[in-house]
Amino acid sequence: MSLTIDVPDELYQRTAEIAAQANISVEDLVISSVEQHLRELDRLKERAERGSREKFLQVLEKVPDVEPARRCDQ
């Protein structure tokens, strides 16, 4: 399957530089990046399915009900 997309010049240039450094084609870098992103989305979906509101509330009950300490640099 073939796909044509428009990307900003700056993004393409950066992608081409990274591909050249890795000694791979821009196409291979983009395919690899999309695959990695889709795997991460699947992983997050699986984690979300294991969670529940009840578990969230149980953890939230352990958090002290106090104002957070102020940072010195603020």
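The model is predicted: local features need pLDDT of at least 70, side-chain atom pairs count only at pLDDT 80 or more, and totals for chains, interfaces and linings use all residues. Residues are numbered from 1 along each chain as its sequence is written, and side-chain values use heavy atoms, with hydrogens and water left out.

Start with the largest pocket. A pocket is an open set of points on a 1 Å grid over the protein atoms alone, where a 1.4 Å probe fits, with protein on both sides within 12 Å along at least five of seven lines. The largest pocket holds about 560 Å³ of space. That volume is the space filled by probe spheres set on the points, which are joined across faces, edges and corners.

The lining has 13 residues, and Leu3, Ile5, Glu27, Val30 and Ile31 are the closest to the centre. A lining residue has an atom within 4 Å of a point. Helices H1 (9-21) and H2 (26-50) each give two or more residues to this lining. H2 gives the most, with five. Helices here are DSSP runs (H or I, at least four residues), numbered from the N terminus.

Side chains of opposite charge can pair when their charged atoms come close. Glu40 and Arg43 form a salt bridge, at 2.6 Å from N to O. The rule asks for a side-chain nitrogen of Lys or Arg within 4 Å of a carboxyl oxygen of Asp or Glu. By this rule there is one salt bridge. Both residues lie in H2, three residues apart, about one turn of the helix.
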